[in-house]
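Reader: I have a model open on my screen and would like to talk through it with you. Could you take my questions one at a time?

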Amino acid sequence: MTTLARWVLAGAMVFAGLSHLFWARKEFQAQVPDLVTEVLPIDKDGVVVASGAVEMMLGAALVALPKERRRVGAILAAF
């Protein structure tokens with residue numbers, strides 16, 4: 001059962017990451033606080049693309065690195 005849950009979570013993270021990059025980009029840009037772009041040298045689109053890439057990598061890591069699932073899970077929860 002935990003393996004199935006891990007795969008479902010991994011799929012959800014990859015799906016969310018893809019949505020950051022393609023069909024929901026504008027919606028995610030609207031959620032980025034203005035403070036982020038004032039402090040960091042990056043625009044809202046860059047934040048959305050970067051967070052989408054991280055979500056896809058964490059989702060893939062849940063499946064590709066089964067021995068590190070606790071560590072990846074903790075990083076994913078913190079993210």
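Reader: What do the side chains of K44 and D34 form?

Author: In this predicted model, the side chains of K44 and D34 meet in a salt bridge, at 2.7 Å from N to O; the term stands for a side-chain nitrogen of Lys or Arg within 4 Å of a carboxyl oxygen of Asp or Glu. K44 lies in helix α4 and D34 in helix α3 (residues 34-39), so the pair ties together parts that are 10 residues apart in sequence. Helices here are DSSP runs of H or I with at least four residues, strands are runs of E with at least two, and both are numbered from the N terminus.

Reader: Before we go on, what should I know about the numbering and the cut-offs for a predicted model?

Author: Residues are numbered from 1 along each chain as its sequence is written. Local features need pLDDT of at least 70 and side-chain atom pairs count only at pLDDT 80 or more, while totals for chains, interfaces and linings use all residues, and side-chain values use heavy atoms, with hydrogens and water left out.

Reader: Which residue does E68 pair with?

Author: E68 forms a salt bridge with R71, and the closest N and O atoms are 3.4 Å apart. E68 counts as partly exposed at 31% relative accessibility, whereas R71 is exposed at 57%.

Reader: Changing topic, how many aromatic pairs does a search of the whole structure find?

Author: The search finds 1 aromatic pair. The rings of F15 and W23 have centres 5.3 Å apart and planes at 50 degrees, so the pair is tilted. Rings of Phe, Tyr and Trp (its six-membered ring) pair if their centres lie within 6.5 Å, and planes under 30 degrees apart count as stacked, over 60 as edge-to-face and the rest as tilted.

Reader: Where is W23 found?

Author: W23 is in the loop between α1 (2-21) and α2 (25-31), and W23 is exposed, with a relative accessible area of 51%. F15 is exposed as well.

Reader: Which residues form the nonpolar patch on the surface?

Author: F15, L18, F22 and W23 form the patch, with about 470 Å² of accessible area together. Patches take residues with over 30% relative accessible area and no salt bridge, joining like charges within 9 Å and nonpolar side chains (Val, Leu, Ile, Met, Phe, Trp, Tyr) within 5 Å; the areas come from the Shrake-Rupley method with a 1.4 Å probe, and for residues only the protein chains shown count as cover.

Reader: And overall, how many helices and strands does the protein have?

Author: The protein has 5 helices and 0 strands. Of its 79 residues, 28% count as buried, and the C-alpha atoms fill a box of roughly 40 × 25 × 15 Å along the principal axes.

Key:
Buried < 20%, exposed > 50% of the residue type's maximum accessible area, 1.4 Å probe, protein only.
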